[in-house]
Amino acid sequence: MNLAITVPLNTFVKLMHELGILEYKNFIKHSFQVAKLSKQIAQNINLDYEPEQIYLAGLLHDVGLVLKASVENYELFKDIFRNTPDIEKVVLALDKKDQHSLLSNLVTSKIQFVDPDCSKALLYHHMSGNEIGESKKIALLANCIKAADTISLANMRKKRDELSAESMEEMVNAIEKDRGLFEEVKKASLEIIHDYTKIFDLLDERDDFSSSKQLSLKDFETGAKLIATLMDLRSPYTRSHTFLVTRVAKQLMAELMSEEDSRFMTVAALLHDIGKISTPLEILHKKSSLNDKELLIMRRHVVETRRMLSRAGIKAVADVSASHHERLDGSGYPVGLKSNETTIYMRILQVSDVFSALVEKRPYRDAVSLNEAIEILEKEASFKKLDSQVCKKLKELINNGYLDDFFTDRFTHVLEDLLELKFNEIDTIFERDFDGWEGLF
């Protein structure tokens, strides 16, 4: 495989859009509305930032809300995110102190293709413009996102999907009453609302992002980490799954192939379960065996992974990511690939996924020990289902203490991977700004 490849920036936005179902339907709808509105408001006031960067800032302004809500109160998170279209109520229920703005800033500051100013603006998207202690340019950007957020929240409160005179009036009133908006931002926002054709298009949650920018695998990986995190936070049983699969697959590839191979493997591993976004939690959390219909729905996630990644323009990644349930003897799914049809990338991902699933707790069973997991892998390899050389290399890594630290606190390591910070740095940040966060670790 030619690994001197790049990934379109469009791919990241398309994959974010793909997350907009089930628990994330309203969250993603709001995020895209704010992205498009922020870009338009900034354009109307001639704000000197690249339009695609303003779009990304609006799109990611609330990602910290998912992280905070899922970790601190999962039961409330899954109920409210699924059933409450009014995002303002979600914030009031799960983040009264507006701490998600800090997390949104922390996460986006680690995404290599997001402008640092745009990331910094997310810290202030709920603040009055005059209270922002940054440059006027950053303050204006934060204010554009604030205005876009206000319009979208008013729109999300309406009881019907179509725009009405009443919902238009509610948006106008929300902007006019907001004393935290700069006059130029308020004027631009009102002009947009009063342009019926324009506001209708901007409040459509469809993805209209377009960019010619290409990302290196290294840069795209930072965005793929966020997508993986949003995926895994849907369920406490998968909260560390993707990052464990990725750590194992990345290290195995580094042992066997080149650094660029390892980068490609990392991206494929981070996105291998993205298709599970369409798998209902009732099936993911079932404590007994799945019936035939449920098993079909569960297995469909690999088909969805291939479809989503291919549609986003990364077919080479899709081919690897969607192969993690294939087996070398042809007994796997969804295609039934045999050994002569699989690549080293596929074989490493298969072993990494099986190993990670075994050492993690599931609703229907407890986790097994590392040694037990290796024994099971070796047995599967003896039956020609998994690659024996990959299993042997993983056993060497485990015997040499690789991954020992991961099992001391899995979610801490997810945060380290996501934020590229060490635990003591995370702790220092959160003990100042997050009441009780330290206890989560």
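Where is the place of L22?

A: L22 lies in the loop between α1 (9-18) and α2 (25-44), where helices are DSSP runs of H or I with at least four residues, strands are runs of E with at least two, and both are numbered from the N terminus. The model is predicted, with local features needing pLDDT of at least 70 and side-chain atom pairs pLDDT 80 or more, whereas totals for chains, interfaces and linings use all residues. Residues are numbered from 1 along each chain as its sequence is written, and side-chain values use heavy atoms, leaving out hydrogens and water.

The backbone of L22 has a phi near 50°, which is a positive value in a residue other than glycine. P334 is joined to Y333 by a cis peptide bond, with omega about 15°.

Y333 leads on to the largest pocket. Y333 is among the residues nearest the centre of this pocket, together with M298, H325, A357 and Y364, and 32 residues line the pocket in total. The volume of the pocket is about 830 Å³. On a 1 Å grid over the protein atoms alone, a pocket is an open set of points with protein on both sides within 12 Å along at least five of seven lines, a cavity is a set where a 1.4 Å probe fits but cannot get out, and lining residues have an atom within 4 Å of a point. Points are joined across faces, edges and corners, and a volume is the space filled by probe spheres set on them. By class, the pocket lining has 13 nonpolar, 10 polar and 9 charged residues; Ala, Val, Leu, Ile, Met, Phe, Trp, Tyr, Cys and Pro count as nonpolar, Asp, Glu, Lys and Arg as charged, and the others, Gly among them, as polar.

V351, V354, F355 and L358 of α19 are in contact with L370, A373, I376 and L377 of α20, contact meaning heavy atoms within 4.5 Å. This contact of α19 with α20 has 8 nonpolar residues, and no polar or charged ones. Elsewhere, L76, F77, I80 and F81 in α5 meet V90, A93 and L94 in α6. The contact of α5 with α6 has 7 nonpolar residues, again with no polar and no charged ones.

Across the whole structure, a search finds 2 cavities of 30 Å³ or more. The largest cavity, with a volume of about 60 Å³, is lined by M231, D232, R234, S235, T238, H241, D273, K276 and L284. That lining divides into 2 nonpolar, 3 polar and 4 charged residues.

The second largest cavity has a volume of about 40 Å³, and its lining consists of V63, L67, V107, L226, T229, L230, L233 and L418. Helices α4 (63-72) and α13 (217-232) are the elements that give two or more residues to this lining. The largest share, 3 residues, comes from α13. By class, the lining of the second largest cavity has 7 nonpolar residues, 1 polar residue and no charged residues.
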